[in-house]
Amino acid sequence: MLLRRGEDLLLGEKLTGFGAGRVVAPGGHVEPGESPLAAAVRETHEETGLAVHDATLCARLEFTFPARPAWDLRLEVFTSTTHTGALTPSSELAPWWCPVRDLPLDRMWDDDRYWLARVLDGERLQGRFVYAPDNETVQHADLQPLDPA
Ligand SMILES: Nc1[nH]c(=O)nc2c1ncn2[C@H]1C[C@H](O)[C@@H](COP(=O)(O)OP(=O)(O)OP(=O)(O)O)O1
């Protein structure tokens, strides 16, 4: 979930699980029977205490890790400028409002260098990223406008 507040974006240091230590936007797995949007709203609330309103789809991304296929992941990314509640750290995420002009890309997934600024500028994108054998660096990126479907 890319939650905006003026010139800031809600980010957090992931404290547990997949990608622990990296800076990410709040999010997580879709539960059985749940929509990706409902999952993004639920995970944001669980991880940050904030209730997000009026979120819309802004990207559909696929990540593959040929050297570590168990990490392969599909991500639906939503964005919103509206929330209620108070920012509250959780055991999963240490969140803060980060100025969009100062994103900590060195601490984020490498694919974020390709798509995040463009989506924050209002583009809607779909993309595939193949990670190198180090599982840290994007080896191949393919980004296109999001299909209307
Ligand atoms: N390549 C990537 N680029 C990116 O920008 N965010 C990514 C990413 N891979 C994962 N994330 C984000 C999505 C989500 O907000 C967070 C955690 O993803 P996961 O659902 O895989 O983590 P967890 O296994 O901890 O999930 P839950 O157990 O469901 O909370 O990291």
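User: Which element gives the largest share of the lining of the largest pocket?

Analyst: The largest share comes from β6, which supplies 6 residues to the lining of the largest pocket; bear in mind that this is a predicted model.

User: How should I read the space itself, and which residues are closest to the centre of the largest pocket?

Analyst: Rolling a probe the size of a water molecule over the atoms shows where empty space is left. In this structure, the largest pocket holds about 1100 Å³ of space, and of the 43 residues that line it, Phe63, Leu73, Arg74, Leu75 and Glu76 are the closest to its centre. Elements that give two or more residues to this lining include the helices α1 (36-48) and α2 (112-120), together with strands such as β5 (56-64), β6 (73-80) and β9 (125-131).

User: How do the residues of the lining of the largest pocket divide into nonpolar, polar and charged?

Analyst: The lining of the largest pocket divides into 23 nonpolar, 8 polar and 12 charged residues.

User: Which space is taken by the ligand, and what surrounds the ligand?

Analyst: The ligand takes the space of the largest pocket, and the elements that give two or more residues to the shell around the ligand are β6 and α2. The ligand is surrounded by 17 residues, the closest being Lys14, Ala25, His29, Asp111 and Asp112, and this shell divides into 9 nonpolar, 3 polar and 5 charged residues.

User: Where do polar side-chain atoms lie relative to an oxygen atom of the ligand?

Analyst: For Asp112, a polar side-chain atom lies 2.5 Å from an oxygen atom of the ligand, while a side-chain N or O atom of Glu43 is 3.2 Å from a ligand oxygen atom. In the side chain of Asp111, an N or O atom is 2.7 Å from a nitrogen atom of the ligand. Of the 640 Å² of accessible area that the ligand has on its own, the protein covers 84%.

Notes
Residues are numbered from 1 along each chain as its sequence is written. This is a predicted model: local features need pLDDT of at least 70, side-chain atom pairs count only at pLDDT 80 or more; totals for chains, interfaces and linings use all residues. Side-chain values use heavy atoms; hydrogens and water are left out. On a 1 Å grid over the protein atoms alone, a cavity is a set of points where a 1.4 Å probe fits but cannot get out, and a pocket is an open set with protein on both sides within 12 Å along at least five of seven lines; lining residues have an atom within 4 Å of a point. Grid points are joined across faces, edges and corners, and a volume is the space filled by probe spheres set on the points. Helices (H or I, at least four residues) and strands (E, at least two) are DSSP runs, numbered from the N terminus. Ala, Val, Leu, Ile, Met, Phe, Trp, Tyr, Cys and Pro count as nonpolar, Asp, Glu, Lys and Arg as charged, and the others, Gly among them, as polar. A residue is near a molecule or strand if one of its heavy atoms lies within 4 Å of it. A polar contact is a pair of N or O atoms within 3.5 Å; within protein, one must be able to donate a hydrogen and the other to accept it, and residues adjacent in sequence count only if both atoms are side-chain atoms. Accessible areas come from the Shrake-Rupley method with a 1.4 Å probe; for residues, only the protein chains shown count as cover. A molecule sits in a cavity or pocket if more than half of its atoms lie within 2 Å of its grid points.
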